[in-house]
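Please look over the sequence and the structure, then read the points below.

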Amino acid sequence: MTTVRRSLLLSLAERYFGILIQLISFFVLARLLTPAQIGLYSVAAATIGLAQVVRDFGIGSYLIQESDITPERVRTAFTLTGLISLASFLLLVGIAPWLAGFYDHAELGLILQVLAINFLLIPFSSTALALLRRSMNFKALFWIATAANLISTVCAIGCAAAGFGAWSLVASSIANTLVTALMAAWFADGGFLHRPCLLEWRRILHFGGQSTLARTISEIALSFNDLVVGRVLGFAEVGLLSRAQGVMSLFHRDVMAAIRNVAYPAFASSHRNNQPLDEIHTRSVSMVAAFAWPFYGLFALFPTEALRLMFGPQWDAAAALVPIFCAAGAVAVLWSLVSTALTASGHVNLTVRIELVIQPVRIALLVACAWVFRTLESFAYVLLLTYVIQIAVTYTAKQTVMKTDFVALRRELSQSFRLSLVALAPACALRAGLMVFDFKLPDLIVFPLAGLLTLAGWLTGLWVVQHRLLSDPMLERPRAWLEKHFFARS
């Protein structure tokens, strides 16, 4: 098995185990915390997310893509991370009272100040984690993430059960950052502390400035959603929106993060070796679509059952939003790896231009929704519309430096689309049966049953459409078993 495939398996294992822990956390916390408590934390977390992008300043990405890494550059990256993190901490502590006044909620300011402690801990892990990713040591990254997720989840559930409300999520966040720092120190190759140095600051900040600008613009637009809804509709509505969008985020954020963790260094390596990056990108998008589209389709067909299984009946009001967010996630698959390929090939300036075009449009639409419609559905449709527009924007930018073979892209995606139709056919039949014949099945049974039917349809669809995944070495053993017991008999 190649290094990339092994790394992808470890990265996906890290994310899927993290998702499993997250689902357990969601299942328990949704029954211990109210929408208003989760909404309160979400607004604070949105503010932290903005500062986090500036804190990173693209330094981790720089260390991964730098072709000539030297001790001075590593030490400079560590020093810059520490200085920016300290500045971020002081800034958040300073603006917390103003933000609390803006939302007329004193507790929000205190939560924000306590969350800012994370920025004093992050420098002790960020450089080490970037170097582990550069060397594609995903085994170490798996154990770091797993330990952090487990301990932070136990912390959140324990504090919530004790009645700490939104503070349980604050404690979980700090526990996650602390454990990550300790584990990174254990696995760090060459140590996790470095002597202060600023010799290479110009080289790092030149790359980091462009990368940070792109991520900051994107994060502002993402955080703007929670911030605007919290101000216009209230913290409870932020909680509902967060849970509905969280279904999409299971793949769009968590699974795609695992894929990007491997794709970025792999794309960078392919670019350095003069391999056809567009061809690799096209195959990657098709592979992602083969998994993502059935996932989104399943949740779109059974939104209420999925939410009740994961969060309980108190979140039923978010069910109408789930199909909209799932449609947005399915659209995002088409452009989700474009910026990764552009940055890995040294064209970080284009990712900045993409964000400068698309995110102001998104913010303007959000403001219009807040002013005119004032409904959660309108905010969800803004995300869907923005993601559709982003297809044209990202591929137009990509064309300037990396020509897209649209015929090949359409051919590859067509395979994944047909696979998705076959995969979702049994779940569609179940949905139709429940609606037409008025079958009464317990809510906790319907969604797992639909999931099993979709999995069976997906495995069958691989052979029906002869998808590229059939030839992937990662599926060699499952393919041999299925051919021996089922398909070889037909």
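A residue counts as buried when its relative accessible area is under 20%, as exposed when that area is over 50%, and as partly exposed in between. By that rule F299 is buried, because its relative accessible area is 5%. The model is predicted, and the chain averages a pLDDT of 83, with 88% of the residues scoring at least 70. The points below cover confidence, helices, aromatic rings, cysteines and backbone angles.

**Confidence**

- Helix α14, residues 322-332, has the highest mean pLDDT among the elements of the chain, at 96.
- The lowest mean pLDDT among the elements, 58, belongs to helix α20, residues 476-485.

**Helices**

- Helix α11 runs over residues 235-272 and spans only 48 Å between its end C-alpha atoms, whereas a straight helix of 38 residues would span 56 Å at 1.5 Å a residue.
- There is a bend of about 55° in α11 at S249.
- Of the 38 residues of α11, 30 are buried, and the helix is mostly covered.
- Just after α11 comes N274, with a positive phi of about 60°.
- Helix α12 has 25 residues, which should span 36 Å at 1.5 Å a residue; this agrees with the 36 Å between its end C-alpha atoms.
- Even so, α12 bends by about 30° at A289.
- α12 is mostly covered, with 18 of its 25 residues buried.
- In helix α13, residues 303-310, the buried residues are P303, E305, A306, L307 and M310.
- G312 follows α13 and has a positive phi near 100°.
- T79 is placed in helix α4, residues 71-102, and is buried at a relative accessible area of 12%.
- The C-alpha atoms of T79 and H194 are separated by 7.9 Å, although the two residues are 115 residues apart along the chain.

**Aromatic rings and charges**

- The structure holds 14 aromatic pairs.
- One of them joins F299 and F447 in a tilted arrangement, at 4.9 Å centre to centre and with 50° between the planes.
- This pair links distant parts of the chain, with F299 in helix α12 (residues 277-301) and F447 in helix α19 (residues 443-465), 148 residues apart.
- F299 has a relative accessible area of 5% and is buried, and F447 also counts as buried, at 10%.
- Y395 and F406 form another pair, with ring centres 6.0 Å apart and planes at 50°, so this pair is tilted.
- That pair too links distant parts of the chain: Y395 is in helix α17 (residues 376-399) and F406 is in helix α18 (residues 406-436), eleven residues apart.
- Y395 is buried at 7% relative accessible area, whereas F406 counts as partly exposed at 40%.
- F251, F295, Y296, F299 and F447 are linked into a cluster by ring pairs.
- R31 lies over the face of F27, 3.9 Å from the ring centre.
- R243 has its charged end over the ring of F311, 5.0 Å from the centre of that ring.

**Cysteines**

- How many disulfides does a search of the whole structure find? The count is zero.
- C159 has its closest cysteine sulfur in C155, at 4.2 Å from its own sulfur, which is too far for a bond because a disulfide needs two cysteine sulfur atoms within 2.5 Å.
- C159 counts as buried at 19% relative accessibility.
- C369 also counts as buried, at 5% relative accessibility.

- Most residues other than glycine have a negative phi.
- D104 is not a glycine, yet has a positive phi near 55°.
- The loop between α4 and α5 (106-115) contains D104, which counts as exposed at 69% relative accessibility.
- Q466 is not a glycine either, and has a positive phi of about 50°.
- Q466 is found in the loop between α19 and α20 and counts as partly exposed at 48% relative accessibility.

Conventions: Residues numbered from 1 in each chain as written. Predicted model: local features only at pLDDT ≥ 70, side-chain atom pairs only at ≥ 80, totals over all residues. Heavy atoms only, no water. pLDDT = per-residue confidence, 0-100. Helix = DSSP H or I, 4+ residues; strand = E, 2+ residues; numbered from the N terminus. Phe/Tyr/Trp six-rings, centres within 6.5 Å; stacked < 30°, edge-to-face > 60°. Buried < 20%, exposed > 50% of the residue type's maximum accessible area, 1.4 Å probe, protein only. Lys NZ or Arg CZ within 6 Å of the ring centre and 35° of its normal. Expected span 1.5 Å × (residues − 1). Bend = angle between axes of the 7 residues up to and from the residue.
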